[in-house]
Amino acid sequence: MSDSIYLLVNDILKGRQLSISGVTRELKEKGIDEHRLVMTGYLRALKDLRKLNEVEIPPSKVYSLVEIEQADTGDIYSLIAENIKSLESAFTIPVAAYVLSRTLERPVFKEEFIRMGISAKNLSDYLTSPDCVLKPAEKSPKEYAAGITKLKVTTGEPAYELGTINESVLKHSNCILLRILRNSVDLSGLIPKTKSTSLQDYV
């Protein structure tokens, strides 16, 4: 595929999302006649390169552009993944769930735990452990998945929320949120030189 097709795809998807058939049809109108299977592979490759978002809306997959800010600065999942590395293993999953669910104001899907660096096996082991504080969301996952366009949610995939929030989980979560905030904004000129900037001040 040439660079010109990539530019055309970007132009076609600007401000909207289309299925593979929709993209193929509009390319044909612009003089590019590619087989649908070829375009399927091309669009999925762009998704793997994080140039496009892919969302399954049965019976089709639809594609939209990844916002420049998201591509350049990283997403919420990578920010949380980077900051939970320092936690004791017992707190990793509940803190990740708390931080993401409070940020997005909804339960957390399995795919999102994986994006935060938590393996499917570790999540499965935690969910069956006696120390687990997560529970399936009270509402149907479909209600949460319907409006999500930047995440592929498998049909029937459960969403989890915290059943109980103990003081330790809350303390660690607040530290993670503060760390993300401090690393995301320019605080120069606002903190006295004599003031310690350690996160331990907030624990």
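The structure is a predicted model, in which local features need pLDDT of at least 70 and side-chain atom pairs count only at pLDDT 80 or more, while totals for chains, interfaces and linings use all residues. Residues are numbered from 1 along each chain as its sequence is written, and side-chain values use heavy atoms, with hydrogens and water left out.

The chain contains ten helices and six strands; both are DSSP runs numbered from the N terminus, with at least four residues (H or I) for a helix and at least two (E) for a strand. Of the 203 residues in the chain, 36% are buried. Here buried means a relative accessible area under 20%, exposed means over 50%, and partly exposed lies in between (1.4 Å probe, protein chains only). The chain exposes about 12,400 Å², and carbon and sulfur atoms supply 52% of this area. Accessible areas come from the Shrake-Rupley method with a 1.4 Å probe, and for residues only the protein chains shown count as cover. Among contacts (heavy atoms within 4.5 Å) between residues at least 6 apart in sequence, 60% join residues at least 24 apart.

Strand pairing requires that DSSP find at least two bridges between two strands. Strand β1 (residues 18–19) runs antiparallel to strand β3 (residues 60–65) and is joined to β3 by two bridges; Ser19 has Val62 in β3 as its bridge partner. Six bridges link β2 and β3, also in the antiparallel sense, and Leu52 stands opposite Leu65 in β3. A hairpin of two residues connects β2 to β3.

Another three strands form an open, antiparallel sheet in the order β4-β6-β5. β4 (108–109) and β5 (134–136) are at the edges with a single partner strand each, so one side of each has no neighbour in the sheet. Two bridges pair β4 with β6 (residues 159–162), and Val108 stands opposite Tyr160 in β6.

Side chains of opposite charge can pair when their charged atoms come close. The structure holds eight salt bridges, each defined as a side-chain nitrogen of Lys or Arg within 4 Å of a carboxyl oxygen of Asp or Glu. One of them joins Arg106 and Glu112, with an N to O distance of 2.6 Å; Arg106 and Glu112 are both buried. In the salt bridge between Lys47 and Glu54, the closest N and O atoms are 4.0 Å apart. Lys47 is partly exposed, at a relative accessible area of 29%, whereas Glu54 is buried, at 8%. Asp125 and Lys121 form a salt bridge with the closest N and O atoms 2.8 Å apart. Both residues belong to helix α8 (residues 120–127) and are four residues apart, about one turn of the helix. Asp125 is partly exposed, with a relative accessible area of 40%, and Lys121 is exposed, with 60%.

The largest pocket has a volume of about 560 Å³. A pocket is found on a 1 Å grid over the protein atoms alone, as an open set of points where a 1.4 Å probe fits, with protein on both sides within 12 Å along at least five of seven lines; lining residues have an atom within 4 Å of a point. Grid points are joined across faces, edges and corners, and the volume is the space filled by probe spheres set on the points. The lining of the largest pocket comprises 25 residues, of which Asn53, Tyr77, Arg115, Lys150 and Leu151 lie nearest its centre. Elements giving two or more residues to this lining are α3 (36–48), β2 (52–57), α5 (76–83) and α7 (110–115); α7 gives the most, with five residues.
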